[in-house]
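Please look over the sequence and the structure before reading on. The report below takes up a strand with its neighbours and then a helix.

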Amino acid sequence: MDPLSGFLGSLIWWLFFLYLLLWPQMQYRQLQLMRARLLQRLSRKRNSTVITMIHRQESIGLFGIPFYKFISIEDSEEILRAIRMAPKDKPIDLIIHTPGGLVLAATQIAKALKDHPAETRVIVPHYAMSGGTLIALAADKIIMDPHAVLGPVDPQLGQYPAPSIVRAVQKKGPEKVDDQTLILADVAEKAINQVRNFVFELLKDKYGEEKAKELAQILTEGRWTHDYPITVEEAKKLGLHVSTDVPEEVYELMQLYPQPMKQRGTVEFMPYPVKQENK
């Protein structure tokens, strides 16, 4: 092989390697630009500051490794900064898609949203569970897709729901459990009271003290499993103020947060063919 052919072969190999390395980042950058344009359009349409907290399994990188996302301290820092920078006389639209996360972070976001002087609206296109529901309760308006869901906000201690820990000790009797379990039950009871009191504070101005107390009790007492889906219909039966007029741009936005690439999609569909009328 002559030197020129060897050089060209090496150059092609390195260019191919750089393509594999940089192409996912270029794709991601394009997604970011498309999201920014869509958010700007939505902001102008609704005359509001639009903030998003969308937790999807995005696979951006050479090996397409998915990153599982939950409400974190980093989320609360960024959202608090966005709320501080928002004009005080303009509404805020917070788009949430999350399985939940840290109670501390969700509490900070909820408090900041509640304290915003102008109207606040949380938009849920698919689901906002646990801490996501806590944040939604802080808003003046909750806007959900007709098939979106919220969830209970009972605190979890490790792998166990706090209400279940308390209930287990009550059923068995304190004298029949070890000290570690008693300590865990004490912490669980405190956690329930803390979240319940916070939910009450979020709701009392909008619903009145009696209704706020009832809702806080229902959502934190452990009557359901922690992943129980509270549908729009059930939310309304509970007395929550929920509407279903989700802006079309929100659905477009969700398509710009891709799930990890797969060899074969698990869901496929073909739009119904619309026949053109003879002219």
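What follows describes a predicted model, beginning with a strand and ending with a helix.

## Strand S2 and its two faces

Strand S2, which spans residues 92-97, is mostly covered, since 6 of its 6 residues are buried. In a regular strand the side chains alternate between the two faces of the sheet. In S2 both of these faces are covered, with Ile92, Leu94 and Ile96 buried on one side and Asp93, Ile95 and His97 buried on the other.

## The partners of S2

Strand S1 (residues 49-54) runs parallel to S2 and is joined to it by 6 bridges, and within this pairing Val50 has Asp93 as its bridge partner. S2 is also joined to strand S3 (residues 120-124), again in parallel, by 4 bridges, and here Ile92 stands opposite Thr120. To pass from S2 to S3 the chain goes through helix H3 (residues 103-114), and this β-α-β crossover is right-handed.

## Helix H5 and its covered face

In helix H5 (residues 162-172), the buried residues are Ala162, Pro163, Ile165, Val166 and Val169. Seen down the axis of H5, these buried residues fall within an arc of 165°, and therefore they line one face of the helix. As background, an α-helix has 3.6 residues a turn, so residues three or four places apart point the same way.

The elements that cover the buried residues of H5 include strands S7 (156-157) and S8 (160-161), together with helices H6 (179-207) and H7 (209-220). After H5 comes Gly173, whose phi is positive, near 100°.

Definitions and conventions
Residues numbered from 1 in each chain as written. Predicted model: local features only at pLDDT ≥ 70, side-chain atom pairs only at ≥ 80, totals over all residues. Heavy atoms only, no water. Buried < 20%, exposed > 50% of the residue type's maximum accessible area, 1.4 Å probe, protein only. Arc of directions from axis to C-beta. Contact = heavy atoms within 4.5 Å. Pairing = 2+ DSSP bridges. Right-handed = clockwise from strand over helix to strand, strands pointing away.
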